[in-house]
Amino acid sequence: MELKVASGDITQAQADTILVNLFEGVQQPSGATAAVDQALDGAISYLIQAGEVKGKAGEATVVHTFGKLPALRVVVVGLGKQEDLKADTVRKAAGNVARRVRALGARKVATVVHGA
């Protein structure tokens with residue numbers, strides 16, 4: 001596995017899959033998730049309002065970009081309640097999403113450092 005650290009706009013990442021996170025109970029995404037949501041014409045916000053994306057720990061929802069981003073898909077990773085966030089929560093989420101993107105056949109994945 002090769003790991004690269006780069007700065008830039010996540011919506012322009014040259015990857016087949018972009019990972020963004022969401023805390024449980026959030027009704028309006030912020031940060032990188034909001035930027036990706038905006039690029040997708042509010043698709044993530046729509047799924048939140050429809051109750052299909054809840055941000056619960058262990059949740060990983062695939063959203064196809066249909067050419068609105070260079071990436072083919074976005075995976076919204078649930079982190080659970082913000083006040084309950086611990087290193088172990090992030091570790092479990094990373095393992096879960098790694099298995100999910102591998103099953104999707106992703107070869108190149110981009111994400112942001114939380115809070116960046």
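Ser-45 sits in helix H2, residues 43-49; helices here are DSSP runs of H or I with at least four residues, strands are E runs of at least two, and both are numbered from the N terminus. At 12% relative accessibility Ser-45 counts as buried, where buried means under 20% relative accessible area, exposed means over 50%, and partly exposed is in between, with a 1.4 Å probe and protein chains only. Leaving out residues up to four places away in sequence, Ser-45 touches Gln-28, Pro-29 and Asp-37; contact means heavy atoms within 4.5 Å.

A note on the source. This is a predicted model, in which local features need pLDDT of at least 70 and side-chain atom pairs count only at pLDDT 80 or more, while totals for chains, interfaces and linings use all residues. Residues are numbered from 1 along each chain as its sequence is written, and side-chain values use heavy atoms, with hydrogens and water left out.

Now the sheet. It is open, has four strands in the order E2-E3-E1-E4, and its pairing is mixed; two strands pair if DSSP finds at least two bridges between them. The edge strands, each pairing on one side only, are E2 (60-64) and E4 (109-110). E2 and E3 run antiparallel over five bridges, and His-64 has Arg-73 as its bridge partner in E3. E1 and E3 are parallel, joined by six bridges, with Asn-21 opposite Val-77. E1 and E4 are also parallel, over two bridges, and Thr-17 stands opposite Val-109 in E4.

Two helices pack on this sheet. H1, residues 31-39, touches E1 and E3, and its direction makes about 125 degrees with that of E1. H3, residues 87-104, touches E1, E2, E3 and E4, at about 155 degrees to the direction of E3. Axes are lines fitted to C-alpha atoms, for helices over the stretch in contact, and angles run from 0 to 180 degrees between N-to-C directions.

How much of E3 is buried? Six of its six residues are. Arg-73, Val-75 and Val-77 point one way, and Val-74, Val-76 and Gly-78 the other. In a regular strand the side chains alternate between the two faces of the sheet.

Next, the cores. A nonpolar core is a set of buried Ala, Val, Leu, Ile, Met, Phe, Trp, Tyr and Cys residues joined through side-chain atoms within 4.5 Å. The largest has 18 residues, and Ile-18, Val-20, Val-36, Val-74 and Val-76 touch the most other members. E1 (17-22), H2 and E3 (73-78) each supply at least two residues of this core. Apart from it lies another core, of ten residues, including Leu-19, Val-75, Val-77 and Ala-106.

Last, charges. The whole structure has three salt bridges, each a side-chain nitrogen of Lys or Arg within 4 Å of a carboxyl oxygen of Asp or Glu. Lys-68 pairs with Asp-41, with the closest N and O atoms 3.0 Å apart. This pair links distant parts of the chain, 27 residues apart: Lys-68 is in the loop between E2 and E3, and Asp-41 in the loop between H1 and H2. Lys-68 is partly exposed at 45%, and Asp-41 is exposed at 61%.

In H3, Arg-91 and Asp-88 lie three residues apart, about one turn of the helix, and their closest N and O atoms are 2.7 Å apart. Asp-88 also meets Lys-92 in a salt bridge, at 3.4 Å, N to O. Shared partners join Asp-88, Arg-91 and Lys-92 into one network.
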